[in-house]
Amino acid sequence: MVIQKQLINSQIKSPQVFLIDHENNNRGLTDTREALQLAESVDLDLVVVSESKDAPVAKILNYGKLQYQKKKRQTQSARPTVKEVRLRPNIGLADYNLRISQASQWLSKGDSVKFMIRLRGRENQYRSNAGELLDRIVADLSSVGKVQSLDKRSLIVQVIPA
């Protein structure tokens, strides 16, 4: 992602700009000096929002607040996600190894992984097997992640990156 520096106040070299004032009213094509004076009169900045062939579009706003909001949006989009893996207690070895390798990839990328074991019908009688499977998952992923929560009653384990 390339961060493009926006032109503000005296950095704007264009003689005229399409002006949008602080109340979001379109003022049309305006002299740059006039737009700067209007921005200074309301203690705000004149910021180029988009470049165009004829004249750039400039808006009167608080530049510091704009930068803060951009930074906040970037950090929100960069938040780690929770990947969910559902298993049955009688999972085959190849399928189990596949799920563990996927989970270790996700953990290395910074995402957390939630394993859920579902029991159906007679599988509820062998609930201890599901608990052993959870312990095996924790042991296999201990090198790339650590356990955030382990609930053997609802058969859920959440692993976060180490």
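Q: Where is L155 placed?
A: In this predicted model, L155 lies in the loop between β7 (145–151) and β8 (156–161).

Q: What makes the phi of L155 worth a remark?
A: Most residues other than glycine have a negative phi. L155 is not a glycine, yet its phi is positive, at about 60°.

Q: How do you know whether D43 is buried or exposed?
A: The word exposed asks for over 50% relative accessible area. D43 has 70%, so D43 is exposed.

Q: Which residues is S112 in contact with, leaving aside neighbours within four places in sequence?
A: Contact means heavy atoms within 4.5 Å. By that rule S112 touches T81, V82, K83, L107, Q158, V159, I160 and P161.

Q: How do you know that β1 and β2 pair?
A: Two strands pair if there are at least two bridges between them. Strand β1 (residues 16–20) and strand β2 (residues 26–31) have five bridges, in the antiparallel sense.

Q: How many residues lie between β1 and β2 in their hairpin?
A: Five residues lie between them, and N24 in the turn has a positive phi of about 60°.

Q: What makes the charged end of R136 count as sitting over the ring of Y96?
A: The distance limit is within 6 Å of the ring centre, together with an angle within 35 degrees of the ring normal. The charged end of R136 is 4.0 Å from the centre of the Y96 ring and sits over it.

Q: How many aromatic pairs are counted?
A: Ring centres have to lie within 6.5 Å to pair, and the count is zero.

Q: What does UniProt list for residues 8–75?
A: An unreviewed UniProt entry lists them as "domain: Translation initiation factor 3 N-terminal". In the model, this span is 34% helix and 32% strand, and its end C-alpha atoms lie 24 Å apart.

Notes. Residues are numbered from 1 along each chain as its sequence is written. This is a predicted model: local features need pLDDT of at least 70, side-chain atom pairs count only at pLDDT 80 or more; totals for chains, interfaces and linings use all residues. Side-chain values use heavy atoms; hydrogens and water are left out. Buried means under 20% relative accessible area, exposed over 50%, partly exposed in between (1.4 Å probe, protein chains only). Helices (H or I, at least four residues) and strands (E, at least two) are DSSP runs, numbered from the N terminus. Rings of Phe, Tyr and Trp (its six-membered ring) pair if their centres lie within 6.5 Å; planes under 30 degrees apart count as stacked, over 60 as edge-to-face and the rest as tilted. UniProt positions are given in the numbering used here, feature names are shortened, and annotations may be inferred rather than shown by experiment.
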